[in-house]
Amino acid sequence: QLDAQYPWLDPARPVPVGHLVAASAQVRWGVRLVAERLVALGYRLMVDPRTLPAGPTSPSDAVLVSRQLDAQYPWLDPARPVPVGHLVAASAQVGQGIREVAELLAAFGCPLAVDLETLPTLQATAPDATLVNQHLDVQTWLERTWLDPQDPVPSSHLLAAAARLRQGVPDIVKRLSLFGYTIGTPTLSTGWPGDSE
């Protein structure tokens, strides 16, 4: 909770990197110093403190490492690669470029599901965060809800996204392609919202 009250961290469980980043932003210490302090107090970590940035973090960094993008637990699991959808949604949430978000997460020890160099530098928008969600629901942040770049995006998603965002299918396809997604089936002739009804 980072409120200096119970419940306390469990010494038997490794401290997640998200907690380190959020604590760093709150106490205004470098994240490496926070990690080293916890190790000195007898806690185990999920990452090697020596690999963490020495500089201070910001409240927006805590947003990036939280699975629901709210700067709170549950945190991203450093054993699981961060999906593209999280990068896109986080970019839209904090107002930073997608690649910049990915670079920050990599610096905090979070592996990425894609090659950093393939990511665009542009800043994602709120509609983008909706677009990369399987359910087209910006409130559903859990990892399993993101589109998987390994799977071609089905035409049903394209049509539903066109209706939800009031954009043509070609525009939806162009935006998804920027984020590394492929399209599994030919798009329809017009691709306007009425086509999904």
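How many salt bridges does a search of the whole structure find? Three. A salt bridge here is a side-chain nitrogen of Lys or Arg within 4 Å of a carboxyl oxygen of Asp or Glu.

1. Basis. This is a predicted model, in which local features need pLDDT of at least 70 and side-chain atom pairs count only at pLDDT 80 or more, while totals for chains, interfaces and linings use all residues. Residues are numbered from 1 along each chain as its sequence is written, and side-chain values use heavy atoms, with hydrogens and water left out.

2. Overall make-up. The protein chain has eight helices and zero strands. Helices (H or I, at least four residues) and strands (E, at least two) are DSSP runs, numbered from the N terminus. Of the 197 residues, 42% are buried. Buried means under 20% relative accessible area, exposed over 50%, and partly exposed in between (1.4 Å probe, protein chains only).

3. Surface and contacts. The chain exposes about 10,300 Å². Carbon and sulfur atoms supply 52% of that area. Accessible areas come from the Shrake-Rupley method with a 1.4 Å probe; for residues, only the protein chains shown count as cover. Among contacts between residues at least 6 apart in sequence, 60% join residues at least 24 apart. A contact means heavy atoms within 4.5 Å.

4. Asp48 and Arg50. This salt bridge has its closest N and O atoms 2.8 Å apart. Aspartate 48 is partly exposed, at 30% relative accessible area. Arginine 50 is exposed, at 67%.

5. Arg99 and Glu117. Here the closest N and O atoms are 3.9 Å apart. Arginine 99 lies in helix H5 (residues 98–107) and glutamate 117 in the loop between H5 and helix H6 (126–131), so the pair ties together parts 18 residues apart in sequence. Glutamate 117 is exposed, with 55% relative accessibility.

6. Asp128 and Arg175. The closest N and O atoms of this salt bridge are 2.8 Å apart. The pair links distant parts of the chain: aspartate 128 sits in helix H6 and arginine 175 in helix H8 (residues 169–178), 47 residues apart. Aspartate 128 is buried, at 3% relative accessible area. Arginine 175 is partly exposed, at 25%.

7. Helix H1. H1 (residues 17–27) is largely enclosed by the rest of the structure, because nine of its eleven residues are buried. Among them are Val17, Leu20, Val21 and His19. The buried residues of H1 pack against helix H2 (31–40) and helix H3 (59–64). Just after H1, arginine 28 takes a positive phi of about 65 degrees.
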